Amino acid sequence: MAISGTGNLHRALSGSFYFLGYRCSRSAMVWSLVGLLLMLQLYSLASRRNVVRGDIQLHVSRHPLFRELEQVEEENIQVPPPKKKKSPHAAKRRRKRSATLIDEFLDENSQIRHLFFPDMKSAVDPVKGVENSSHHYYPGKIWLDTEGNPIQAHGGGMLYDERSNTYYWYGEYKDGPTYRAHKRGAARVDVIGVGCYSSKDLWTWKNQGIVLAAEQTNETHDLHKSNVLERPKVVFNEKTGKYVMWMHIDDANYTKASVGIAISDYPTGPFEYLRSQRPHGFDSRDMTIFKDDDGVVYLIYSSQDNSELHIGPLTGDYLDVQPDMRRILIGQHREAPALFKYQGTYYMITSGCTGWAPNEALAHAAESIMGPWETMGNPCIGGNKMFRLATFFAQSTFVVPLPGIPGSYIFMADRWNPAELRNSRYVWLPLIVGGPPDRPLEYNFGFPPWPRVSIYWHKKWRLPSSWKVSK
């Protein structure tokens with residue numbers, strides 16, 4: 001029995017060691033496979049980064065001005081001390097947080113307000129002045145049209161009309177007094193209409209007048225002056241020969257939350273207002289439209305009390321939405337969408353939801369316009385930390401591609417002035433797609449397959465001298 005027991009023990013131990021060896025071998029194989037996959041991913045990432053880096057270097061070598069645009073400027077604006085000394089007893093009773101640059105920006109009596117809203121003396125006049133003849137943009141300064149008046153095209157969008165080789169800039173015409181409909185209401189200007197400006201060079205703008213006017217007497221009309229008309233965007237339909245305008249339509253309390261549609265035979269109007277609707281049966285506030293390479297136009301709008309974005313294609317005549325719709329950026333509370341496309345990838349810039357106060361922009365990307373959309377992070381570069389967190393004290397409205405300069409765009413944004421909305425400013429800055437991304441995907445081990453988006457801060461900049469509207 002003793003010998004037999006010893007033999008059984010030997011066989012049992014041998015079996016155990018074999019089983020452990022098998023498990024160890026299998027575990028080693030699994031970890032080896034994981035290591036191999038990680039190595040392949042790192043190699044792929046390094047290769048892709050080299051390709052992207054080579055791509056951006058190619059852009060730089062082809063367009064030397066890119067070096068100038070990427071050499072961003074820094075800002076050293078300091079919050080001024082309080083004007084009056086407070087009683088130490090009052091300070092003990094109630095301690096307030098320190099003022100920030102955003103507080104100063106929103107304070108119409110701030111000592112540094114002129115830094116955000118320079119006066120008329122520094123206005124950019126494309127018609128007059130030696131320095132202005134060099135086609136430089138000055139973000140935040142008053143921008144005059146060819147008649148010498150401040151441009152009124154807020155929350156705007158851009159249309160390049162191939163038939164006339166002309167750019168048309170549409171926006172909210174806010175040249176009226178700012179007031180509040182009630183004590184807790186948002187700052188507003190009575191609806192005047194949609195302004196339109198035309199240009200051959202994206203710098204000198206001719207006022208084409210009000211192309212969609214407000215309704216003065218009929219209080220039930222969507223365009224009655226007591227309502228809200230925001231963020232007009234226009235596209236041309238090659239099949240119908242019509243110019244189609246989509247816009248945010250609301251009442252003074254922002255409870256209507258709809259989109260409006262208008263059409264015209266000409267880019268300069270007049271536009272005929274058709275109707276308003278809640279797309280797909282949902283509330284719609286900040287919105288935009290995007291025309292893809294195949295001619296399909298998509299509506300993108302903030303919905304569910306601005307907690308998410310919705311996106312879906314329009315019908316062939318661009319006058320209604322199709323049933324297909326996707327909810328994106330759910331629970332992220334984003335608005336002011338501005339879309340563009342580069343090398344088959346869709347990009348979008350959005351802002352947070354803080355009323356008239358500026359906040360941090362985010363860039364998003366997707367392989368399909370219907371999603372899923374991935375968040376890439378803050379695209380702003382330069383200024384200082386507060387400038388970047390406040391999107392240079394502006395809010396996105398549109399992104400204009402520059403034909404002939406791959407990966408380069410103009411980022412259009414509004415620097416809102418809630419104390420006097422007619423005096424809101426335009427912040428146009430260079431946007432470049434290229435270079436390795438600096439933020440990994442949230443639900444993936446690696447970085448995204450697309451390059452990063454960069455918006456560069458400049459007090460003064462210009463387009464490449466070689467660029468011009470194609471003829």
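# Exercises on strands, a loop and a buried lysine

Q216 sits in the loop that links β7 (206-213) to β8; strands here are DSSP runs of E with at least two residues, numbered from the N terminus. The model is predicted, so local features need pLDDT of at least 70 and side-chain atom pairs count only at pLDDT 80 or more, while totals for chains, interfaces and linings use all residues. Residues are numbered from 1 along each chain as its sequence is written, and side-chain values use heavy atoms, with hydrogens and water left out.

**Exercise 1.** State whether Q216 is buried, partly exposed or exposed, and list its contacts beyond four places in sequence.

*Solution.* Step 1: buried means under 20% relative accessible area, exposed over 50%, and partly exposed in between (1.4 Å probe, protein chains only). Step 2: the relative accessible area of Q216 is 46%, so Q216 is partly exposed. Step 3: with neighbours within four places set aside, Q216 is in contact (heavy atoms within 4.5 Å) with H224 and K225.

**Exercise 2.** Give the strand order in the open sheet of 4 strands, and explain why β8 and β11 each have a side without a neighbour.

*Solution.* Step 1: the order is β8-β9-β10-β11, with antiparallel pairing; two strands pair if DSSP finds at least two bridges between them. Step 2: β8 (228-237) and β11 (272-277) are at the edges with a single partner strand each, so one side of each has no neighbour in the sheet. Step 3: inside the sheet, 7 bridges join β9 (residues 242-250) to β10 (residues 258-264), and W246 is opposite I261 in β10.

**Exercise 3.** K233 lies in strand β8; find what its side chain has around it.

*Solution.* Step 1: K233 is buried and has no salt bridge, which would need a side-chain nitrogen of Lys or Arg within 4 Å of a carboxyl oxygen of Asp or Glu. Step 2: E172 is the nearest side chain of opposite charge, 6.9 Å away; Lys and Arg count as positive, Asp and Glu as negative, and His and the chain ends are not counted. Step 3: a polar atom of the K233 side chain lies 3.5 Å from the backbone oxygen of G156 and 3.4 Å from that of R231. Step 4: beyond four places in sequence, the contacts of K233 include G155, V244, W246 and F398.

**Exercise 4.** Find the partner strands of β3 (residues 166-172).

*Solution.* Step 1: β2 (residues 154-161) pairs with β3 over 6 bridges, antiparallel, and M158 is opposite W169. Step 2: β6 (residues 193-199) is joined to β3 by 6 bridges, also antiparallel, and Y167 has S199 as its bridge partner.

Terms used. A polar contact is a pair of N or O atoms within 3.5 Å; within protein, one must be able to donate a hydrogen and the other to accept it, and residues adjacent in sequence count only if both atoms are side-chain atoms.
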